[in-house]
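Q: Could you take me through one of the pockets in this structure in some detail? I would like to know what lines it and how it compares with its surroundings.

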Amino acid sequence: MALPVIPPIEFLTSVGSTNSYLLQRTDSCIPFQAVATLNQTAGRGRLGRSWESTSGLGLAVSIALPVLAGVANAGLHSLLVGTAVLRFVQGQGLVQAQMKWPNDILVGGRKISGILCEMTPAGFVVAGIGINLSYAENQLPLQESTSLGVEGVHVDDVHKFTHELVENLVRVWAAAGKSNTNWSKFLSPSIGTLGERVKVVETQDHSWEGLAEGLNDDGHLLVRSFQDGILRTVVAADVLHLRQ
Ligand code: BT5
């Protein structure tokens with residue numbers, strides 16, 4: 001399949017947030033325009049949380065993806081970006097990597113990459129990807145995180161690595177953009193959460209546990225509650241994998 005043309009990636013020495021940088025420019029953006037840095041100083045996560053990075057050790061990339069026809073929510077776009085990042089990380093040799101719904105890439109249960117998708121009025125999804133690159137074990141931003149370096153993958157050429165990451169994303173976008181995609185079927189194989197016993201954290205004071213049985217065509221997680229056996233649709237929440 002012929003890939004769309006990928007514009008040159010803009011590498012910044014330093015920036016607050018690559019997502020914010022691109023969001024401010026989407027009026028003049030072209031599809032698949034991307035910006036990257038190894039020094040993101042105010043990285044953003046979901047729900048007002050932050051994405052930590054140490055200069056030179058973590059890669060931040062944002063790309064302006066055209067909104068897919070018939071897909072209205074950022075969540076589904078985010079799962080697609082997750083699929084691309086997962087395949088890319090697995091392609092680096094980490095075949096055991098998993099995607100935890102809705103937006104974490106884990107290796108051995110530890111987070112190596114996080115994704116933040118934001119829709120814009122200009123018809124783009126700004127997809128932000130943070131990847132822990134070359135942190136040693138004692139430099140990791142959080143105890144429950146990991147990095148490519150810790151997992152034995154050493155990135156010599158960050159520009160080439162970033163270009164391949166973006167190209168992977170564009171390839172998934174092109175495949176997903178074909179009409180009549182059955183999203184549940186397309187995305188389910190990538191989501192390690194399916195089949196897992198999970199804790200669904202809806203708010204700080206409200207959580208419950210169940211079995212993650214499936215994904216619907218809106219990308220929402222279907223979890224059967226252990227307490228009452230009801231299959232509930234989880235639209236937006238944090239999900240933790242419970243291991244016996
Ligand atoms: C995310 O949010 O995981 C989305 C992170 C997206 C970051 C990218 S970098 C490029 C672009 N520009 C931005 O400003 N952002 C995007 P969330 O699911 O809310 O997870 C945030 C949580 O992950 C934090 O509260 C920490 O617990 C954890 N965390 C923060 N930094 C981490 C890191 N470097 N590695 C692993 N876990 C981290």
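A: In this predicted model, the second largest pocket is lined by 18 residues, and those nearest its centre are Ala-74, Gly-75, Ser-78, Pro-102 and Val-235. Its volume comes to about 260 Å³. Helix 2, which spans 74-91, and strand 8 each give at least two residues to this lining. The largest share, five residues, is the contribution of helix 2. Sorted by class, the lining holds 10 nonpolar, six polar and two charged residues.

Strand 8 (110-119) also leads on to the largest pocket, where it is among the elements that supply at least two lining residues. Here the largest share of the lining, five residues, is from strand 8. The largest pocket has a volume of about 810 Å³ and a lining of 39 residues, with Arg-49, Trp-51, Asp-104, Lys-111 and Leu-142 nearest its centre. That lining divides into 13 nonpolar, 16 polar and 10 charged residues.

Strand 14 is another element with at least two residues in the lining of the largest pocket, and it takes us to a sheet. Five strands make up this open, antiparallel sheet, in the order 13-12-11-10-14. Strand 13 (231-234) and strand 14 (238-242) are its edges, each with a single partner strand, so one side of each has no neighbour in the sheet. On average, neighbouring strands here are turned by 45° against each other, direction ignored.

Note on methods. Residues are numbered from 1 along each chain as its sequence is written. This is a predicted model: local features need pLDDT of at least 70, side-chain atom pairs count only at pLDDT 80 or more; totals for chains, interfaces and linings use all residues. Side-chain values use heavy atoms; hydrogens and water are left out. Two strands pair if DSSP finds at least two bridges between them. Helices (H or I, at least four residues) and strands (E, at least two) are DSSP runs, numbered from the N terminus. Axes are lines fitted to C-alpha atoms, for helices over the stretch in contact, and angles run from 0 to 180 degrees between N-to-C directions. On a 1 Å grid over the protein atoms alone, a cavity is a set of points where a 1.4 Å probe fits but cannot get out, and a pocket is an open set with protein on both sides within 12 Å along at least five of seven lines; lining residues have an atom within 4 Å of a point. Grid points are joined across faces, edges and corners, and a volume is the space filled by probe spheres set on the points. Ala, Val, Leu, Ile, Met, Phe, Trp, Tyr, Cys and Pro count as nonpolar, Asp, Glu, Lys and Arg as charged, and the others, Gly among them, as polar.
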